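Hello,

Here is the structure I promised to pass on. Please open it alongside this note, and then read on for what turned up.

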Amino acid sequence: MRAGADRRSSAIGKRQEKRRHAVARVVVTADAATLLDQLRDQHGPLMFHQSGGCCDGSSPMCYPDGEFIIGDRDVLLGVLDVGADGVPVWISGPQFQTWKHTQLVIDVVPGRGSGFSLEAPEGMRFLSRGRAFNDAENAELAATGVITGADYENGERLPERAPVVAAAVDACPVPAGCAAPVKP
């Protein structure tokens, strides 16, 4: 019995080592991290699931950790470096296939979020922004693989946390000349 557990642990360790990379699939802004700290103080450990549409639009939905059931094919984009336990960010497998070429940037803006997400009563809402990966980043990510809900259930974890960036523009800057200030 112990030999089987050792082999499984060794296999998980090898897959986790393969997943070490410098490119984060998800980052969080400092303002969003601050709100997550407040929500964690109120609700305990947290998680995100990137909504695929319907009544939630395409907002990242914040729940108490474990409140949203992760499916076997859901993909762990990263664990945000917020709080002692971090905040895992999940996306459905089919939706990941569409978005795998994009870094998700979790930000927060004033307004009412969805009634299902924890920030709704705070007068703020989480917002997903995106940045397309370049060819080198796509190649690195393709070589590292992903952790699915089934893998996570079997003990696999990401080797590092997803970073906090000062502001969304730090993760996804507007290319020069592509956007002009709004004139009054």
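Which residue in strand 6 does Val27 stand opposite? The residue is Val105. Keep in mind that this is a predicted model.

First, the overall picture. The protein has six helices and nine strands. It has 184 residues, and 41% of them count as buried. Take the contacts between residues at least 6 apart in sequence: 66% of them join residues at least 24 apart.

Four strands form an open sheet, in the order 7-6-1-9. The pairing is mixed. Strand 7 (124-132) and strand 9 (164-165) stand at the edges. Each has a single partner strand, so one side of each is left without a neighbour in the sheet. Strand 1 runs parallel to strand 6, and three bridges join the two. Strand 1 also runs parallel to strand 9, this time with two bridges. There, Thr29 stands opposite Val165. Helix 2 packs on the sheet. This helix touches strand 1, strand 6, strand 7 and strand 9. Its direction makes about 80 degrees with that of strand 1.

Side chains in a regular strand alternate between the two faces of the sheet. In strand 1, both faces are covered. Val26 and Val28 are buried on one side. Val27 and Thr29 are buried on the other.

Next, the cores. The largest nonpolar core has 24 residues. Which of them touch the most other members? They are Leu36, Phe48, Leu80, Ile106 and Phe126. Several elements supply at least two residues each, including strand 1 (26-29), strand 2 (46-50), strand 4 (75-80) and strand 6 (102-110). Helix 2 gives the largest share, with five residues.

Leaving out residues up to four places away in sequence, Leu80 touches Val26, Val27 and Val28, among others. Its contacts also include Leu36, Phe48 and Ile106. Arg161 and Ala162 are on the list too.

One more residue to look at is His49, in strand 2. Is His49 buried or exposed? His49 counts as buried, because its relative accessibility is 8% and the cut-off for buried is under 20%. The side chain of His49 makes a polar contact with the side chain of Asp74, at 3.4 Å. Beyond four places in sequence, the residues that His49 touches include Tyr63, Phe68, Ile70 and Trp90. Finally, the C-alpha atoms of His49 and Cys62 are separated by 6.8 Å. Those two residues are 13 apart along the chain.

Best wishes

Notes. Residues are numbered from 1 along each chain as its sequence is written. This is a predicted model: local features need pLDDT of at least 70, side-chain atom pairs count only at pLDDT 80 or more; totals for chains, interfaces and linings use all residues. Side-chain values use heavy atoms; hydrogens and water are left out. A nonpolar core is a set of buried Ala, Val, Leu, Ile, Met, Phe, Trp, Tyr and Cys residues joined through side-chain atoms within 4.5 Å. Buried means under 20% relative accessible area, exposed over 50%, partly exposed in between (1.4 Å probe, protein chains only). Contact means heavy atoms within 4.5 Å. Two strands pair if DSSP finds at least two bridges between them. Axes are lines fitted to C-alpha atoms, for helices over the stretch in contact, and angles run from 0 to 180 degrees between N-to-C directions. A polar contact is a pair of N or O atoms within 3.5 Å; within protein, one must be able to donate a hydrogen and the other to accept it, and residues adjacent in sequence count only if both atoms are side-chain atoms.
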